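Here's a quick briefing to read with the structure open beside you. Take it topic by topic and find each piece on screen as you go.

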Amino acid sequence: MENRTMENRTDMQQHDDHQGHTHDLDQPCHHGHTTEVQPQLRAVRPTRDQMSHIKGWGADLERENRPGVPMERTPPRYTPADIAEPSPQPQNVEVLVSTERPGITQLFGTVQPPSGVSGMIRRAAFSMTESDIRRWLLLLAADRVQVVEGVVDDLAHGHVPNILGEMGIKSEWQYNKAGLAKKVAIAGAIGAAAYFLLKRDKNAPDDRWD
Amino acid sequence: MLAMNYRGPYRVRAQHKPDPVIEHPGDAIVRVTRSCICGSDLHLYHGMVPDTRVGHTFGHEFIGIVEDVGSGVQKLKVGDRVLVPFNIFCGSCFFCQKELYGNCHNVNAQATAVGAIYGYSHTAGGYDGGQAEYVRVPMADVGPTIIPEDIVDDDAVLLTDALPTGYQAAEMGSIKEGDTVVVFGAGPVGIFAAKSAWLFGAGRVIVVDELEYRLEFVKRYAQCEVVNFKDVGDMALHIKKMTDWLGADVCIDCVGGDAAGSVAQTVTGRLLKMQAGAATVLHWCINSVRKGGNVSIVGVYGPTFNAVPIGNALNKGITMRMNQASVKRHLPRLIEHIRAGHIDPKQIITHRIPLEEVSDAYHIFSSKLDNCIKPILIPPRAHEVRAVTASVAK
C-alpha cells in the first residue's frame, strides 16, 4: 500500500501496474476485428499490517459495535427511557399542515407565516399531497414571488436593498477580481447589445414603401 | 438580535429581527457561540429547496450557551454549554423510539417525508436556524448535548452535523475489511466520510472532486487517493479501471443536487429545476459500484424527483442506503474518536467570519473562493459572559 496518492490518469496507470497488468486509458483494448479475452478478475485487498499506518484503522470494524447497527434499535439508548409524548404547542400563527397528516404536529415552527400573494400560492400548494408534483412546483413559484415581495417590502420600509452586497460582491472583489471583471464585461455586453437592438428598431427607416 | 436573513437565491444579509421566545414548555433559548455554513445550506442559498421563505434564518450546525429554559425542561439549565444536533426530534414518537432521530414524526407539520431541521426551510419544519445570536431549541431535554469539558468549541460545532453525517455515510456503506470505498465530494462531509471509512476497516479510500485545493487537503487529512473528475473521461470507467475492473465495493454520495460534472444534469437539475437537483453523483455511484455493492447517500436532493439509472441498480443487485444523520446516536462514539486522536475535526475549518459579514461568507463558500472548505460564523455576542451564567456556576 505504499503508493497511495494519485491524482491523474498517468498516476493511475502506474498504480494499476500492481495488478500485474497495465491500462492504456487512451487506447481501446481490442485490435482489428478481434477482442482480447479478459483475464480472471479478482480484487486485491491489503493485509492488516499494510493498514497499520492509518491511525484508528478498523476501530469500528466489528459490526455489532457500530453505533448505527442495527439500523432500527428499540429501546433507544440516547433519549430518556420514560419520555412522554410532548404536550401540544399552542398555535398563535397560521401554520400550513401537510394533507398527509391527521392534524398539526405536537411541535412546529412558527416563523415566517404565509402572507401576501406568495402566501396564497403556498396555501394552494398545501391543498395537495406531498406526492403531487404540483405542490412542490407551486411552492417553488411562491418562493420566487416572495423574492419580489421582499424587495417591495424593503422599499415600503424605506430600505433600498443592497442587492450586490447581499450577493457578496465585496468578497468577489477581494478574491476573484478576474471573475468579477468577466461578469461585469458579460453583463455590459448583454446590456449594450440590448440597448443597440432597441435603439436600432426604434430608429430604423421604414422602407416598405420605397 | 442580529441574524442571517434570506432574501432570495444567492442573496442573504445580516439583519436585526426579534429575539426568539419560549413557545413550548420544553423549549430552550440558546445564545449561539459558533455556527457553521453547511454545504446543504447552499441548496437553500441557490433556491433549490421548495418553501424557502424570504426572511428565513438558516443554520443547522451550531453550539451555544443556554440562556433560558421553558417550565418543562428538567435536565438543561441556564449557562450550560451545549451542542445542538441539526435534527429537531421529540424522542418519543414511533421513529425516535427506533433511534431514527432524523425522522421524527412530531415536529414537522409541513411535510411527512422530512424530519425537522433548524433553519432549513418550511419543508423541514419552518424553524429559524442558528446563524443568529439566539435560537429557539425545542425539546431541550432531548436534542441538545452538554459539551464535555475536554471538547473545544471548534470540534463541538462539527459534531452537530458534518462529522456525524460523514461518519453515518461510511457506516451506511456497510464497509467490510479491505473494501474499496469511493467518496464523491471533498467538502466537509466527504472529508469526514473518507476519514471514517478507515475506522470501519476500508482497504482503500478514493475521493473524487473537481477542486484541486480540496483534493490536496483530503489527500493529506484522510490519507486517501484522489481523483479530479475533470481529468477523467468517464467516471464509472475510470473507477472500474482503478478497481481491477470490478467496480468499487462501496460508493458514497456526499454531494447532492448541486453536483457538477454533467452538462445534461446541470442544465435540467440546477438551471431549469426540471429535477430535484443534478443527479450526477447518483449516476456515478450506481455505475461505479461493483455488482452486489453498496451505495450510501447523504448528499441532499429536493423532494420532487431525479433521473437516476435505477435499472442498473436493480440489475447489479446494489444495496442503497440513505438518510439524514441520526446525530445523537453517533455522538458518544465520535467523542471517543476525537479523544483517541483518530479524528481532529477542527482542522477542516478554514474561515472564521463575523455574522455581520454573512453575505460574503455565503458567497465565499458557494463560489469556493480563497480555498474555502468550512466557514464558521461568529455572532457578536459569542463571547459575552453573562452574570446569570456566573450565578448558575455557584
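B:Val183 sits opposite B:Val207, a residue of strand 11 of chain B. Keep in mind that this is a predicted model, where local features need pLDDT of at least 70, side-chain atom pairs count only at pLDDT 80 or more, and totals for chains, interfaces and linings use all residues. Residues are numbered from 1 along each chain as its sequence is written, while chains are lettered from A and ligands numbered from 1 in the order in which they are written.

**The strand and its partners**

- Helices (H or I, at least four residues) and strands (E, at least two) are DSSP runs, numbered from the N terminus.
- Strand 10 of chain B covers residues 180–184, and strand 11 of chain B covers residues 204–209.
- These two strands pair in the parallel sense over 5 bridges; strands count as paired if DSSP finds at least two bridges between them.
- Strand 10 of chain B also pairs with strand 13 (residues 248–253) of chain B, again in the parallel sense, over 4 bridges.

**Buried or exposed?**

- A residue is buried if 20 or more other C-beta atoms lie within 10 Å of its own, exposed if 12 or fewer, and partly exposed in between, with C-beta atoms placed from the backbone.
- In strand 10 of chain B, 5 of its 5 residues are buried.
- B:Thr180, B:Val182 and B:Phe184 point one way from the strand, B:Val181 and B:Val183 point the other way, and all are buried.
- Why does B:Phe184 count as buried? Because it has 30 other C-beta atoms within 10 Å.
- Helix 11 (residues 358–366) of chain B is mostly covered too, with 8 of its 9 residues buried. Among them are B:Tyr362, B:His363 and B:Phe365.
- Just after helix 11 of chain B, B:Lys368 takes a positive phi of about 55°.

**The nonpolar core**

- A nonpolar core is a set of buried Ala, Val, Leu, Ile, Met, Phe, Trp, Tyr and Cys residues joined through C-beta atoms within 7 Å.
- The largest one has 148 residues, and B:Val30, B:Phe184, B:Val205, B:Val207 and B:Ile252 touch the most other members.
- Helix 4 of chain B gives the largest share of this core, 8 residues.
- Two residues are in contact if their C-beta atoms, placed from the backbone, lie within 7 Å.
- Leaving aside neighbours within four places in sequence, the contacts of B:Val205 include B:Val181, B:Val183 and B:Trp198.
- Not counting residues up to four places away in sequence, B:Phe184 touches residues including B:Cys251, B:Ile252 and B:Trp284.

**Domains of chain B**

- Chain B has domain 1 (2–161 + 326–393) and domain 2 (163–322), with bounds from an automatic or database domain assignment.
- Taken over C-alpha atoms, the centres of these domains are 26 Å apart.
- Where do they touch? 27 residues of domain 1 of chain B are in contact with 23 residues of domain 2 of chain B.
- On the domain 1 side, helix 1 (41–45) and helix 10 (327–340) of chain B each supply at least two residues, and helix 10 gives the largest share, 4 residues.

- Chain A has 6 helices and 0 strands.
- Buried residues make up 19% of its 210 residues.
- Chain A is divided into domain 1 (95–100 + 109–161) and domain 2 (162–199), and their C-alpha centres lie 29 Å apart.
- Between the chains, 81 residues of chain A are in contact with 82 residues of chain B.
- Helix 3 (133–156) of chain A is one of the elements that give two or more residues to this side of chain A, and its 9 residues are the largest share.
- By class, this side of chain A has 36 nonpolar, 23 polar and 22 charged residues. Ala, Val, Leu, Ile, Met, Phe, Trp, Tyr, Cys and Pro count as nonpolar, Asp, Glu, Lys and Arg as charged, and the others, Gly among them, as polar.
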